[in-house]
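Hi,

Here is the structure I said I would pass on.

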Amino acid sequence: MTPSWSDPVDLEPGERTLRHWPAETARADGSSDRAGWLILTNHRVLFFRRSGLFAGGRAERPPAIFRRLEEIRAVAARRFWMSIGYGDRVEVPGLAIDAQTFRLNRESSAEEVRAAVEAARVARISELRAAAER
């Protein structure tokens with residue numbers, strides 16, 4: 001998986017990109033579905049699938065998955081197991097956002113990603129409450 005993100009994200013007014021991580025959507029059995037990037041903004045979490053092998057690592061538009069931060073009910077660090085060779089397995093960090101699961105690369109910390117999403121979610125809910133009180 002290409003570890004860099006270079007395509008700009010179509011942002012809403014007042015929205016800015018906070019972080020991004022290489023990720024794969026995960027199936028129910030923990031196997032990977034499609035490689036791409038998990039993008040955290042101050043309004044949303046987005047997942048862009050990476051285009052085919054010869055697209056130079058570009059992202060498919062529009063995002064395959066997106067959730068508004070204020071709509072997220074649960075964020076949890078997960079772990080997946082990947083088979084390597086004859087019966088050997090290696091642990092791969094992951095993340096669950098509500099019912100959607102993502103496998104991260106081994107260099108990413110699932111707990112750091114979880115904490116970043118949770119902090120952005122709390123900040124967004126506070127921002128929306130403050131705006132409603134005005």
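**What I found**

The protein has one helix and seven strands. Going along the sequence, the order is β-β-β-β-β-β-β-α. Keep in mind that this is a predicted model.

Some overall figures: 40% of the 134 residues count as buried. Among contacts with a separation of 6 or more, 44% are between residues 24 or more positions apart.

Searching the whole structure turns up one cavity of 30 Å³ or more, and the largest cavity holds about 50 Å³ of space. What lines it? The residues are Leu38, Val45, Leu46, Phe47, Ile65, Phe66, Arg67, Ile97 and Phe102. By class, that makes eight nonpolar residues, one charged and no polar ones. Both β3 (44-49) and β4 (65-68) contribute at least two residues each to this lining.

I also looked at His43, which sits in the loop between β2 (32-41) and β3. Is His43 buried or exposed? It counts as buried, because its relative accessibility is 5% and the cut-off for buried is under 20%. The His43 side chain makes a polar contact with the side chain of Glu12, at 3.2 Å. Apart from neighbours within four places in sequence, the residues in contact with His43 include Glu12, Pro13, Gly14 and Glu15, along with Arg67, Arg68, Leu69 and Glu70. Arg124 and Glu127 are in contact with His43 too. Arg67 is also one of the residues lining the largest cavity.

Cheers

Methods
Residues numbered from 1 in each chain as written. Predicted model: local features only at pLDDT ≥ 70, side-chain atom pairs only at ≥ 80, totals over all residues. Heavy atoms only, no water. 1 Å grid on protein atoms, 1.4 Å probe; cavity = no way out; pocket = protein on both sides within 12 Å on 5 of 7 lines; lining within 4 Å. Points joined across faces, edges and corners; volume = space filled by probe spheres on them. Helix = DSSP H or I, 4+ residues; strand = E, 2+ residues; numbered from the N terminus. Nonpolar A, V, L, I, M, F, W, Y, C, P; charged D, E, K, R; others polar. Buried < 20%, exposed > 50% of the residue type's maximum accessible area, 1.4 Å probe, protein only. Polar contact = N/O pair within 3.5 Å; in protein donor to acceptor, adjacent residues only side chain to side chain. Contact = heavy atoms within 4.5 Å.
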